[in-house]
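Welcome! Let's take a friendly walk through a protein model, one part at a time. Have a look at the picture below before reading on.

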Amino acid sequence: MEVTLLRAGIDDAKELHAMQVESFKELLEKYQDFDTSPANENMEKVEARLKQDFTFYYFICIGQQKAGAIRIVDQKENGKNKRISPIFILPEFQGKGIAQKAIRLCEEIHGSENWELDTILQEPKNCHLYEKMGYRQTGRTRVINERLTLVFYTKI
């Protein structure tokens, strides 16, 4: 299965927002993290990110179908980490290795060193994905509520 990236622009905000809500909806229901979940963000936040000159949104495509999206924060400065925040795959495409391929493509575009991200500690599949790709826990965590803790990763 060939995975490609398609750069998203401001005109794609509504579609990106809808995909993000759909992709994170189940996690929001599970963890009740209403203040931090991407499923609970408004469209204005997605639009504001799209307007940032250091933000790169890409649709993650399988053939002509959009399976998800990834946002890369890349200040393009020495010593500054690039950040994945967020990456999401629509439910019907999850568990097929698509996120892994999309991250690799982003590393080809933006460079393979100096990355950071965070994910849900209670989601072992997410942690395994990032660790398999060379990301290491920093030791930093942030408790969101009694159900959810964010764990922070870097890839040097």
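## A question to begin

Is Lys-66 buried, partly exposed or exposed? With a relative accessible area of 27%, Lys-66 is partly exposed, because buried means under 20% and exposed means over 50%. Keep in mind that this is a predicted model.

Lys-66 also has a partner: its side chain forms a salt bridge with that of Glu-15, at 3.1 Å from N to O. This pair connects distant parts of the chain, since Lys-66 sits in strand E3 and Glu-15 in helix H1 (residues 13-31), 51 residues apart. Glu-15 is partly exposed too, at 34% relative accessibility.

## The sheet

Seven strands make up an open sheet, in the order E1-E2-E3-E4-E5-E7-E6, and their pairing is mixed. Strand E1 (3-7) and strand E6 (136-143) are the edges, each pairing on one side only. From one strand to the next, the twist averages 30°.

Strands of a sheet pair through backbone hydrogen bonds, and they can be parallel or antiparallel. Look at strand E2 (residues 55-62) and strand E3 (residues 65-73): they run antiparallel and are joined by eight bridges. Phe-59, for example, has Ala-69 in E3 as its bridge partner.

## Helices across the sheet

Helix H3 (residues 98-110) lies across several strands, including E1, E2 and E3, and runs at about 55° to E1. Helix H4 (residues 124-132) lies across E4, E5, E6 and E7, at about 160° to E5.

## The nonpolar core

In soluble globular proteins, nonpolar side chains tend to be buried together. Here the largest nonpolar core has 47 residues, and Ile-70, Ile-84, Ile-103 and Tyr-135 have the most contacts inside it. Leaving aside residues up to four places away in sequence, Ile-70 touches Leu-5, Phe-56, Ile-84, Ile-103 and Cys-106, among others.

How many salt bridges does the structure hold? There are 10 salt bridges. One of them joins the side chains of Lys-25 and Glu-22, at 3.3 Å from N to O. These two are three residues apart in helix H1, so about one helical turn separates them. Lys-25 is partly exposed at 38% relative accessibility, and Glu-22 is partly exposed at 32%.

Asp-118 forms a salt bridge with Arg-83, with the closest N and O atoms 2.2 Å apart. Finally, Glu-41, Lys-45 and Arg-49 belong to one network, joined by salt bridges that share partners.

Note on methods. Residues numbered from 1 in each chain as written. Predicted model: local features only at pLDDT ≥ 70, side-chain atom pairs only at ≥ 80, totals over all residues. Heavy atoms only, no water. Pairing = 2+ DSSP bridges. Helix = DSSP H or I, 4+ residues; strand = E, 2+ residues; numbered from the N terminus. Axes fitted to C-alpha atoms, helices over the stretch in contact; angles between N-to-C directions. Contact = heavy atoms within 4.5 Å. Core = buried A, V, L, I, M, F, W, Y, C linked by side-chain atoms within 4.5 Å. Buried < 20%, exposed > 50% of the residue type's maximum accessible area, 1.4 Å probe, protein only. Salt bridge = Lys/Arg side-chain N within 4 Å of Asp/Glu carboxyl O.
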